[in-house]
Amino acid sequence: MRLLLLRHAKSDWSAHTGDHERPLSARGRKAVPRMASRMRREGYRPAYVLCSTAQRAKETAALLMPLLEFTDGIRYDRALYLAEWPQLLAEIHSVVQDMSPLLLVGHNPGMEQLAMALALQPQSPGERARAESLADKFPTAALAVLDFAMAQWSAIKPGSGRLVDYIRPKDLGAGGGDE
């Protein structure tokens, strides 16, 4: 099974709204198509999406989904808003079907902590480099890709996945994250 962890794109801090209602910035809106292009090229097309109800997360998903030609299920869940990693893992466990890849669109620090908690100790130099980069920073619009040998989402647990990819906006040749 494959889990795609996407942090929402850069938000507009100048917007005079509450945190939950804060929209994407122009920079954030530019980063999403670049990430979508890379996700398509790598075959990272979700079968199901869990998304925070925060405006910036919903906008990220709304921009991303058509570019990935995604027309299937999406669940917006208030419990994902600023959730810590154990809550994020519980939400993943609640996906009863074996839909894979599963895309989670959410927030830091929970997304970074979840990726680090789920990943096995890196075995190869490439895995170590990805893990070190992820531990250094999980910027906005970044994507962590984890693979699991389990057949059900309810079976994944800390240390049970392989961090097979980690993509930041700056890896795509242009800004967009909060580098």
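Biologist: In which loop is the place of P101?

Modeller: This is a predicted model, in which local features need pLDDT of at least 70, side-chain atom pairs count only at pLDDT 80 or more, and totals for chains, interfaces and linings use all residues. Residues are numbered from 1 along each chain as its sequence is written, and side-chain values use heavy atoms, with hydrogens and water left out. Helices (H or I, at least four residues) and strands (E, at least two) are DSSP runs, numbered from the N terminus. On that numbering, P101 sits in the loop between α3 (85-93) and β4 (102-106).

Biologist: Is the peptide bond from S100 to P101 cis or trans?

Modeller: Omega for the bond from S100 to P101 is near 0°. That peptide bond is cis.

Biologist: What is omega for the bond that joins N108 and P109?

Modeller: P109 is placed in the loop between β4 and α4. The bond joining N108 and P109 is a cis peptide bond, with omega about 10°.

Biologist: Does A141 count as buried or exposed?

Modeller: A141 lies in the loop between α5 and β5 (143-148), and has a positive phi of about 65° although it is not a glycine. Buried means under 20% relative accessible area, exposed over 50% and partly exposed in between, with a 1.4 Å probe and protein chains only. The relative accessibility of A141 is 3%, so A141 counts as buried.

Biologist: What does L82 count as, given its relative accessibility?

Modeller: L82 lies in the loop between β3 and α3. Its phi is near 55°, a positive value in a residue other than glycine. At 43% relative accessibility, L82 counts as partly exposed.

Biologist: With which residues is G73 in contact, leaving aside its neighbours within four places in sequence?

Modeller: G73 is found in the loop between α2 (55-67) and β3 (74-77), and at 26% relative accessibility it counts as partly exposed. Contact means heavy atoms within 4.5 Å. With those neighbours left aside, the contacts of G73 are Y48 and V49.

Biologist: Which elements do the buried residues of α3 pack against?

Modeller: L88, L89, E91 and I92 are buried in α3. They cover an arc of only 160° around the axis, which puts them on the same side of α3; the arc is that of the directions from the helix axis to the C-beta atoms. The buried residues of α3 pack against β1 (2-7), β2 (48-52), β3, β4 and α4.

Biologist: Why do the buried residues of α5 line one face of the helix?

Modeller: In α5 (residues 125-136), the buried residues are E127, A131, S133 and L134. Seen down the axis, they line one face because they fall within an arc of 165°.

Biologist: Which residues are exposed on the other side of α5?

Modeller: The buried residues of α5 pack against α4 (110-118) and β6 (161-167). On the other side, the exposed residues are P125, E132 and D136.

Biologist: At roughly what angle do the axes of α4 and α5 cross?

Modeller: Axes are lines fitted to C-alpha atoms, for helices over the stretch in contact, and angles run from 0 to 180 degrees between N-to-C directions. The axes of α4 and α5 come within 10 Å, and their crossing angle is roughly 150°.

Biologist: Which residues make the contact between α4 and α5?

Modeller: The contact is made by E112, A115 and M116 of α4, and on α5 by A131, L134 and A135.

Notes: The expected span of a helix is 1.5 Å times one less than its number of residues.
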